[in-house]
Amino acid sequence: MNVSEEYETLYHYTTLEGLTGILEHRCLWATHYRYLNDSSEALLMKDKLIERFTPIIDQEYRSFLACTPHKEKIMLQIEVEGGFDKCVQLITTDLLSIMYKNLPGHGFYITSFCGVDKNDKYASENGVLSQWRGYGKDGGYAIVLDTEDLGAFLKKEGECFSYLPGSDMHPVVYSHEDSKFKSLFAGELLCLDKYAREFVKSWFNKALSSKVKEMQDEAFKSFVYCTIFYKDEGFKEENEVRIHAYPNVHDERYLSPERDQLGLIKPEKELKFRNKNGDCVPYIELFAFPSDDSKKELREDLPIKRIIVGPHRNQESRVSALKLKLRGRGIDVTSSKIPYRE
């Protein structure tokens, strides 16, 4: 299902500083996944894949032993290393470690939104209490964006800049949603199963087969998709929809004069940094499109339908100030009626 069919609008909660930046620069920030507030980000899927790969590697290992003329020698070595199950576990863990280590470029970036059930009129008008609580005494703002238009912006982003395949926008699957996990990731998991099977065969032969090399790109896309859109159930109240952006990093072969003359080289996304509690956090700006003048960027208005001012002791004055700031831009400003007080 397309995201816009499930959610007509998406809510991006932010601080006053974040709101000001978004309105003035007319772009959204996507943060490097290692610097998000979920310490298990992208790592949670590792245990699920270990659980899935273990029987595959077990089966392939037994098949290999049944056919090799060096079975007795290998079995002795297996016993020295802790037994058959231990060896299967080590190979499985190594395979996942290799997959994580071999992620190309400098990693992927995330922009998060909250989806609200269209039948939940109260939450649609006032935001979600758990999100407002996260901003405490500083209050917060919810930027309400048109989902379909946001998807069009994301498509244009991919046309203007060089990204690896798979950059997209989807709802996350939480770790307690087993049936949703199996259905949403069915194709990706099947691809990874096949890749794991071929990879372990190459492992035993001590050389990557042509099949493994052919499958690497698709396996990479499937692996990234699963790791990005799988999240711990402790965050389920966020009902998160996220944009995943994976900037490409050009190598020398890609930057050939022939490709440049043919106009096949899209510009790399500029990597930026900001300070967060003393940490240097990498991020990229989404939707700052190149204009006809390559030295400038075209800052289109984001598809903002409304901004909700969260609960705060100065909520009324914040609403008034924001209305003045947005005068003439066609963006409604409302206040959350949730009676929350820090």
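Two strands are said to pair if DSSP finds at least two bridges between them. With that in mind, I turn to this structure, which is a predicted model.

Let me begin with strand β5, residues 168-171, and strand β8, residues 240-245, which pair in the antiparallel sense over four bridges. Within β8, V241 is the bridge partner of P171. P171 lies, together with M169, on the covered face of β5, while D168 and H170 make up the uncovered face.

I move now to the nonpolar cores. The largest has 46 residues, and those touching the most other members are F53, Y61, F108 and F185. Two or more residues each come from α3 (44-67), α5 (84-101), β6 (173-174), α10 (186-205) and α11 (210-228). Of these, α11 gives the most, with nine residues.

Leaving aside residues up to four places away in sequence, F108 touches T31, H32, Y33, A42, L103, V224, T227, I228, H244, A245 and Y246. Apart from this core lies another, of 36 residues, with I243, I307, V319 and L322 among them.

V319 and L322 bring us to helix α13, residues 315-325, where they are buried along with Q315 and R318. Why do these residues lie on the same side of α13? They do so because the arc they cover around the axis is only 100°. In general terms, an α-helix has 3.6 residues a turn, so residues three or four places apart point the same way. E316 and L324, on the other side of α13, are exposed.

Finally, the buried residues of α13 are covered by elements including α2 (16-25), β4 (141-146), β13 (304-309) and β14 (332-335).

Key. Residues are numbered from 1 along each chain as its sequence is written. This is a predicted model: local features need pLDDT of at least 70, side-chain atom pairs count only at pLDDT 80 or more; totals for chains, interfaces and linings use all residues. Side-chain values use heavy atoms; hydrogens and water are left out. A nonpolar core is a set of buried Ala, Val, Leu, Ile, Met, Phe, Trp, Tyr and Cys residues joined through side-chain atoms within 4.5 Å. Buried means under 20% relative accessible area, exposed over 50%, partly exposed in between (1.4 Å probe, protein chains only). Contact means heavy atoms within 4.5 Å. The arc is that of the directions from the helix axis to the C-beta atoms.
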